[in-house]
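The entries below are in the order in which I looked.

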Amino acid sequence: MNFQYWDPEIEKLPRNELESLQLNKLKTEIEISLRAPFYKERLSKNGIKSADDIRTLEDLNRIPFTTKNDLRDGFPYGFLAIARDEVIRLHSSSGTTGTPTVIYFSRQDIKNWAGFMARCIYGAGCTKTDVFQNMITYGLFTGGLGFHQGGEEVGMLVIPAGAGNTTRQFKMMQDYGTTVLHATPSFLLHLETKMKEAGVERSSLSIKKAFGGAEPYSEDTRKRIETLLKVDVYNSYGLSEMNGPGVAFECQCKDGLHIWEDGYIAEIVNPDTLEPVKDGETGELILTILCREATPILRYRTRDLTSFYTEPCACGRTHRKLHRITGRSDDMLIINGVNVFPSQIEEVIMAMKEVGNNYLIVVEKDGALDKLTVKTEVSAEIFMDDSRPLNALREKIKDTLQASISINPKVELHESGSLPISEGKAVRVKDNRPRDV
Ligand code: ADP
Ligand code: ZN
């Protein structure tokens, strides 16, 4: 394969040099942190009064984890480390579930972020000749502007399409000859359903690649999008606390996401004991940002579950790879005492070609017991008035789920394109159980 590198020197930096670069950057980030009220207090409590107190990367262990609650407590300026007039932008969580969290950026921070995004986009094989349709929400959400800046940095023609409105999306793809898409994986699947409905011919489109991120999806979902839309799908991972997208991204090998270790220090810990897991084991990802001066965040508990690859990548990049994020430690459902991750259900149903592109998991109380219902669309080839194949499919889903998650769910089949679709991240689970029972 013809690999291309945005910044070959850094992307292929030998590990020992990469680690000393990390140490230098960590020291700088500690110096920056000591200017933010929250860390000034927290670091000095833990005996860190200057960057000189950090001598090796292991010294990071002396710093306690930072949680989402810490960020909320620090709202609005507790994590700000530069003068207010040096801040040129903020991004924030929507705040619908309580106090928002906010991240500030200096001019240099925005530049750094765009650089990491460009590295991702270019590393996935895109060039300035591409036309990039960014079909994700703009605004306070980081996905829109994050990819936008990266696309411009690469020199692609960027269409700030935003999310939703499939008819307009198809029209733009045709008008401008779009070659690359970015959307949530659930929206990419939805697009395919709508394409059939609208009678848009695949041959009228020039799309070749799609970036899918902002929410977890299984390998089967990736394959499904690739087969149906006939595009190469690259997994993109990020979170607003760490800038947004551009933290970890798949290279042309499409097997795991390189985490940019000159921008982030990644650790993986057991979410219960908070001890590091053994190499290659799954646990919660902890991230320290090394490329931001306005809002330092040290050892952030992402809640995202993943593991490191233990083998180097064929592309020659030295930055370690993460396995696709299977979900969040707080996503786990306990159904009649059995632990289930929504991703386990997705894996089963998306592997079946009779199943359509959208699904919803509903949990409710049925007397004293929990009841799990899996609602899934059927593929457009299956007619809803023909009960025999439907019954067979329902039984097949029930049996396969029973075998994989040890729960016997109720399965509801719905017509292709009929389950609700969200403009932002997909809502895959509705847990209607009363909270205090
Ligand atoms: P943004 O998507 O802009 O970073 P948030 O900060 O609200 O917005 O969401 C970040 C979270 O989204 C991550 O912590 C993770 O749970 C989820 N996420 C993002 N990208 C992926 C991905 N490629 N795979 C799985 N989960 C993802
Ligand atoms: Zn690689």
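What follows are my notes, entry by entry.

**Ground rules.** I am working with a predicted model, in which local features need pLDDT of at least 70 and side-chain atom pairs count only at pLDDT 80 or more, while totals for chains, interfaces and linings use all residues. Residues are numbered from 1 along each chain as its sequence is written, chains are lettered from A and ligands numbered from 1 in the order in which they are written, and side-chain values use heavy atoms, with hydrogens and water left out.

**Zinc site.** I first looked up which protein atoms hold the zinc ion (ligand 2), and found Cys 251 (SG), His 258 (NE2), Cys 313 (SG) and Cys 315 (SG) as donors, at 2.1 to 2.3 Å. Donors here are N, O and S atoms within 2.8 Å of the metal (3.2 Å for Na, K and Ca), and since water is not among the atoms, sites may look incomplete. Along the chain, I read the donor spacing as C-x6-H-x54-C-x1-C. I noted the arrangement as tetrahedral because the 4 donor atoms subtend angles of 101 to 119 degrees around the zinc ion, and four donors count as tetrahedral if all angles lie between 85 and 135 degrees. Cys 313 counts as buried at 11%, and Cys 315 counts as buried at 2%.

**Ligand 1.** I then listed the surroundings of ligand 1, where 18 residues form the shell, the closest being Thr 142, Asn 235, Ser 236, Ser 240 and Asp 304; a residue is taken as near if one of its heavy atoms lies within 4 Å. Both α6 (142-154) and β7 (232-239) supply at least two residues of this shell, and β7 gives the largest share, 5 residues. Helices (H or I, at least four residues) and strands (E, at least two) are DSSP runs, numbered from the N terminus.

Next I went through polar contacts, meaning pairs of N or O atoms within 3.5 Å. A polar side-chain atom of Asp 304 lies 2.6 Å from an oxygen atom of ligand 1, a side-chain N or O atom of Lys 425 is 2.8 Å from an oxygen atom of the ligand, and a polar backbone atom of Pro 216 is 3.4 Å from a nitrogen atom of the ligand. On its own ligand 1 has 560 Å² of accessible area, of which the protein covers 87%; such areas come from the Shrake-Rupley method with a 1.4 Å probe.

**Backbone.** Where is the cis peptide bond? I found it joining Phe 75 and Pro 76, with omega about 0 degrees, and placed Pro 76 in the loop between α4 (68-73) and β1 (87-92). I reminded myself that most residues other than glycine have a negative phi, and that most peptide bonds are trans. Lys 230, in the loop between α9 (219-229) and β7, has a positive phi near 55 degrees and counts as exposed at 55% relative accessibility. Arg 299 also has a positive phi, of about 50 degrees, and sits in the loop between β11 (283-289) and β12 (300-306), but this residue is buried at 6%.

**Met 135.** Last, I located Met 135 in the loop between β3 (131-134) and α6, where its relative accessible area of 2% makes it buried. Met 135 and Glu 423 are 288 residues apart in sequence, and their C-alpha atoms are 9.8 Å apart in space.

How values were computed:
Four donors count as tetrahedral if all angles lie between 85 and 135 degrees; four count as square planar and six as octahedral if opposite donors are over 155 degrees apart and all others between 65 and 115; anything else is irregular. Buried means under 20% relative accessible area, exposed over 50%, partly exposed in between (1.4 Å probe, protein chains only). A polar contact is a pair of N or O atoms within 3.5 Å; within protein, one must be able to donate a hydrogen and the other to accept it, and residues adjacent in sequence count only if both atoms are side-chain atoms.
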